Every structure is written in structure tokens, then in C-alpha cells.
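Please look over the structure shown below. A reader's questions about it follow, each with a reply.

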Amino acid sequence: MKFDTQIDDEQTQLEVVRQGDCCRFRLGDQPEREAQLMEVEPGVYSVLLDGRSYEAHAEAGVDCVWITIRGHRFRVTITDPRSWSSKRAGPHGHGREEIVAPMPGKIVRLLVEPGQTVEAGQGIVVMEAMKMQNEMKTRRAGRVAGIPVRAGDTVGAGAILATIK
């Protein structure tokens with residue numbers, strides 16, 4: 001799963017695959033890493049990364065999570081790019097928006113056609129990934145400029161599903 005992430009003042013993308021206590025992740029364009037992650041009590045995690053053990057404390061903030069590791073405190077905001085909010089969309093988006101697959105999956109259904117006018121937050125494509133159907137939505141109002149996929153297509157993470165102008 002890919003997430004838009006901000007750690008303190010640095011914005012990047014976080015890609016995570018979690019299987020039980022094992023977590024594979026990639027931050028931005030850094031190499032993929034693997035860690036063991038276990039919640040030992042509410043808000044306290046034991047992390048084993050590169051042969052070293054860390055204790056991480058997480059506390060919810062108003063619009064973020066504060067993570068403390070070895071006395072260093074980080075302000076972390078993680079946004080699922082599939083979720084829509086008026087704050088992220090803005091009232092008058094300009095330019096073009098490419099709706100991309102957040103993970104590998106199969107296109108189940110197209111909800112719009114090229115040339116169709118859409119509203120901010122409107123569903124564009126339904127995609128199945130990990131046995132769940134997800135509706136990919138536009139963040140801005142505009143016109144569907146193109147849909148390079150069809151129902152039944154298999155796509156990889158980051159594949160362009162639609163373009164909105």
C-alpha cells in the first residue's frame with residue numbers, strides 16, 4: 001500500500017507491505033527495508049530493524065501522530081491517496097490529475113467515460129486488490145481526458161487509471 005507521508009517538514013511517499021509482525025517498507029526512493037513490529041502495549045511498539053531493537057511511542061495529535069524513538073520526537077502525517085477530502089482537493093483544482101493504482105490489482109468496473117464531466121470526490125474506477133474492492137476517486141472537478149484501462153485489466157502499483165483535466 002502506498003501513502004503520502006509527511007515526517008516533520010519532509011514530504012515523501014511510504015510504501016508498506018505488512019504480514020503479521022513482519023513489515024517491508026520503502027520511504028521515498030530509498031531501498032526497501034524490512035522490520036519486525038509488535039505492539040507491546042497501547043501506543044508502545046517494539047521494533048527490530050537492521051539487527052537493532054528500538055522502542056517507539058506513538059501518541060495521537062490533532063491532525064498527526066507523534067512518534068518518539070530514543071528521545072527523538074517526530075510529527076508524522078500519513079494520508080491514504082485513495083481517500084478524498086475537500087481540504088486536499090481544494091475548491092478550484094487546476095491542471096491535470098492522474099488517478100493511479102495504489103497497489104497491484106484488477107480493474108472491476110469503470111464508473112465514467114472519456115469526455116464526461118466529474119465532480120471532486122466522484123468515483124472513477126473500481127479496483128480489486130487483496131480481495132477488497134476500492135473505488136478510486138478524483139480529487140478535483142473537471143473532465144475525464146482519458147482512461148487507459150478496461151474492466152478486467154490487471155494493473156501494477158502506480159499504473160495510471162484515469163486522467164482528469
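Predicted model: local features only at pLDDT ≥ 70, side-chain atom pairs only at ≥ 80, totals over all residues.

Reader: How many salt bridges does a search of the whole structure find?

Author: Side chains of opposite charge can pair when their charged atoms come close. A salt bridge here is a side-chain nitrogen of Lys or Arg within 4 Å of a carboxyl oxygen of Asp or Glu. By that rule, the search of the whole structure gives a total of 8.

Reader: Which residue forms a salt bridge with R33, and how far apart are the closest N and O atoms?

Author: The partner of R33 is D50. Strands (E, at least two residues) are DSSP runs, numbered from the N terminus. The closest N and O atoms of R33 and D50 are separated by 2.2 Å.

Reader: Is D50 buried or exposed?

Author: Buried means under 20% relative accessible area, exposed over 50%, and partly exposed in between (1.4 Å probe, protein chains only). R33 has 30% and is partly exposed. D50 has a relative accessibility of 58%, so D50 counts as exposed.

Reader: Which residue meets R75 in a salt bridge?

Author: The N to O distance of this salt bridge is 2.7 Å. R75 belongs to strand β8 (residues 72-79), and its partner is in the loop between β6 and β7 (65-69), so parts 12 residues apart in sequence are tied together.

Reader: What is the nearest side chain of opposite charge to R140?

Author: R140 is found in the loop between β13 and β14 (142-146). Lys and Arg count as positive and Asp and Glu as negative, while His and the chain ends are not counted. R140 is buried and has no salt bridge; at 5.3 Å, the nearest side chain of opposite charge is E97.

Reader: Which strands stand at the edges of the open sheet of 4 strands?

Author: Strands of a sheet pair through backbone hydrogen bonds, either parallel or antiparallel. Two strands count as paired if DSSP finds at least two bridges between them. This open sheet has antiparallel pairing and the order β13-β12-β10-β15. Each edge strand has a single partner, so one side of each is left without a neighbour in the sheet; the two are β13 (132-137) and β15 (154-155).

Reader: Which residue in β13 stands opposite M127?

Author: Strand β12 (residues 123-129) pairs with β13 in the antiparallel sense over 6 bridges. Opposite M127 stands N134.

Reader: Which ring does the charged end of R73 sit over?

Author: A charge sits over a ring if NZ of Lys or CZ of Arg is within 6 Å of the ring centre and within 35 degrees of the ring normal. The charged end of R73 is 4.4 Å from the centre of the ring. The ring belongs to W66.

Key: Residues numbered from 1 in each chain as written. Heavy atoms only, no water.
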